[in-house]
Amino acid sequence: MDDADDLTQLDPAYKSMLRLQLAIASLVLLVAATIAEVAIPGWTGAVWIPALCVAAYALIRVPLRRYHATGFSLAEERLRVVRGIFFRTDTVVPFGRVQHIDVGQGPLERVFGLSTLTVHTAGTHNASVSLPGLRHEDATAMRENIRAAIRRDTR
């Protein structure tokens, strides 16, 4: 279970969607930095240059790191989701514990044709596992595969 080699990567469009999300946040940051630059006379660049560096790093590096830090596998009657840059989480959901499955799309996910698969399990602690960055067709196919496996087990 420690092998990351058997994990499937998310859809590459997920990196573009993350970049767009971060571009929107960076725009807000840069507007705030511009307002601070105007409000503080004589400090030309003291706020704007660090804000620009943070925004550039966020746009270039963060989407790649998040994309490469997330993977999943759907095999052996279980869903395994591995994610995290600083704090790695390896979650395994046996199909026998699944209560229901959602496939959701936000506005940016719809633009990029992506979905988030959310598997709700029995129990209270960490009762749902979300897997963002899946192509919409793949997410619906995964939902149907899990539902078919659950039906087989209950018969």
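Q: The expected span of a helix is 1.5 Å times one less than its number of residues; what span does helix α2 (residues 48-60) reach from its first C-alpha to its last?
A: In this predicted model, residues are numbered from 1 along each chain as its sequence is written, local features need pLDDT of at least 70, side-chain atom pairs count only at pLDDT 80 or more, and totals for chains, interfaces and linings use all residues. Side-chain values use heavy atoms, with hydrogens and water left out. Helix α2, with 13 residues, reaches 18 Å, close to the 18 Å expected. Helices (H or I, at least four residues) and strands (E, at least two) are DSSP runs, numbered from the N terminus.

Q: Which residues of α2 are called buried, and what puts them on the same side of the helix?
A: A51, A55 and A58 are the buried residues of α2; the term stands for under 20% relative accessible area, while exposed means over 50% and partly exposed in between (1.4 Å probe, protein chains only). Because these residues cover an arc of only 65 degrees around the axis, they lie on the same side of α2; the arc is taken over the directions from the helix axis to the C-beta atoms. C53 and I60, on the other side, are exposed.

Q: Why do the buried residues of helix α5 (residues 136-154) line one face?
A: The residues concerned are A139, M142, I146 and A149. Seen down the axis of α5, they fall within an arc of 90 degrees, so one face of the helix is lined by them. E137 and R152 are exposed on the face turned away from that buried side. The length of α5 also agrees with expectation: its 19 residues should span 27 Å, and its end C-alpha atoms are 27 Å apart.

Q: What makes β2 (residues 71-75) and strand β3 (residues 78-83) a pair?
A: Two strands pair if DSSP finds at least two bridges between them. β2 and β3 have five bridges, in the antiparallel sense, and G71 has V82 as its bridge partner. The two strands form a hairpin with two residues between them, and E76 in the turn has a positive phi of about 55 degrees. β1 and β2 are joined over two bridges, with T8 opposite F72. Six bridges join β3 to β4, where V81 faces T91.

Q: Why do β1 (8-9) and β4 (89-94) stand at the edges of the sheet?
A: The open sheet has four strands in the order β1-β2-β3-β4, with antiparallel pairing. β1 and β4 each have a single partner strand, so one side of each is left without a neighbour in the sheet.

Q: What makes strand β3 mostly covered?
A: Five of the six residues in β3 are buried.

Q: Which element gives the most residues to the lining of the largest pocket?
A: That element is β4, with five residues. The lining includes R83, T91, P94, R97 and S128, and it divides into five nonpolar, five polar and two charged residues.

Q: Why is S128 called partly exposed?
A: The relative accessible area of S128 is 39%, which places this residue in the partly exposed class. S128 lies in strand β7. S128 and Q99 are 29 residues apart in sequence and 9.5 Å apart in space, C-alpha to C-alpha.

Note on methods:
1 Å grid on protein atoms, 1.4 Å probe; cavity = no way out; pocket = protein on both sides within 12 Å on 5 of 7 lines; lining within 4 Å. Nonpolar A, V, L, I, M, F, W, Y, C, P; charged D, E, K, R; others polar. Expected span 1.5 Å × (residues − 1).
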